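Keep the viewer open while you read.

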Amino acid sequence: QVQLVESGGGLVQPGGSLRLSCAASVSVFSIYPMDWYRQPPGAQRELVASITGGGVTNYVDSVKGRFTISRDNAKKTVFLQMNSLKPEDTAVYYCKLWTPSGAYWGQGTQVTVSS
């Protein structure tokens, strides 16, 4: 079965940085697209960043220039580097993996940006 485990969340001050990781327990990884979503408290879940198997990336406008999605196919891991964090970035962050068998979600990791 596919299992995704996120890590790296925590409490950070505005302007700080965090790097989220999502490790996939899956037989095939490198060809699959992966996404990072986030869900702020009381709000809808939104797509933050995506990366294709070929390494092509896309970002929601609110994080462009601050967040970077990347992947290490040898380690079957996707990362989200978050810089210049703002209180508005506070949310539970989830990774998502797309396969021909379906889409899979991680359990989420909390990111809190506050003074």
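## An arginine over two rings

Start with R45, which lies over the face of Y94, 3.8 Å from the ring centre. The charged end of R45 also sits over the ring of W105, at 4.8 Å from its centre. For the cut-offs, a charge sits over a ring if NZ of Lys or CZ of Arg is within 6 Å of the ring centre and within 35 degrees of the ring normal.

A word on what you're looking at: this is a predicted model, where local features need pLDDT of at least 70 and side-chain atom pairs count only at pLDDT 80 or more, while totals for chains, interfaces and linings use all residues. Residues are numbered from 1 along each chain as its sequence is written, and side-chain values use heavy atoms, with hydrogens and water left out.

## The aromatic cluster

How many aromatic pairs does the structure hold? There are two. In Y94 and W105 the ring centres are 6.3 Å apart and the planes are at 85°, so this pair is edge-to-face. Y94 belongs to strand β9 and W105 to strand β10 (residues 102–105), so the pair ties together parts that are 11 residues apart in sequence. Y37, Y94 and W105 make up one aromatic cluster. Here, rings of Phe, Tyr and Trp (its six-membered ring) pair if their centres lie within 6.5 Å; planes under 30 degrees apart are stacked, over 60 edge-to-face, and the rest tilted.

Buried means under 20% relative accessible area, exposed means over 50%, and partly exposed is in between (1.4 Å probe, protein chains only).

D35 sits in strand β4 and is buried at 7% relative accessibility. Its side chain makes a polar contact of 2.7 Å with the side chain of W98. That term covers a pair of N or O atoms within 3.5 Å; within protein, one must be able to donate a hydrogen and the other to accept it, and residues adjacent in sequence count only if both atoms are side-chain atoms. D35 and Y94 are 59 residues apart along the chain, yet their C-alpha atoms are separated by 8.2 Å.

Leaving aside neighbours within four places in sequence, D35 is in contact (heavy atoms within 4.5 Å) with L47, A49, S50, I51, Y94, C95, K96 and W98. One of these, S50, is found in strand β5 and is buried too, at 15% relative accessibility. With residues up to four places away again set aside, S50 touches M34, D35, V56, T57, N58 and I69.

## The nonpolar core

The largest nonpolar core has 27 residues, and M34, W36, F67, V78, L80, M82 and Y93 touch the most other members. The elements giving two or more residues to this core are β3, β4 (34–39), β5 (46–51), β7 (67–72), β8 (77–82), β9 (91–99) and β11 (109–113). Such a core is a set of buried Ala, Val, Leu, Ile, Met, Phe, Trp, Tyr and Cys residues joined through side-chain atoms within 4.5 Å.

Beyond its neighbours within four places in sequence, Y93 is in contact with residues including E6, L20, W36, R38, F67, L80, M82 and V111.

## Loops to look at

G16 is in the loop between β2 (10–12) and β3 (18–25), and counts as buried at 18% relative accessibility. Not counting residues up to four places away in sequence, G16 touches M82, N83, S84 and L85.

S84 itself is in the loop between β8 and β9, is partly exposed at 40% relative accessibility, and has a positive phi near 50° in a residue other than glycine. K76, in the loop between β7 and β8, also has a positive phi near 50° and is partly exposed, at 26%.

## The whole chain

Zooming out, the chain has zero helices and 11 strands. Its radius of gyration is 13 Å, close to the 13 Å that the globule rule gives for 115 residues, so the chain is as compact as a globular protein of that length. Helices (H or I, at least four residues) and strands (E, at least two) are DSSP runs, numbered from the N terminus. The radius is taken over C-alpha atoms, and the globule rule is 2.2 Å times the number of residues to the power 0.38.

Of the 115 residues, 41% count as buried.
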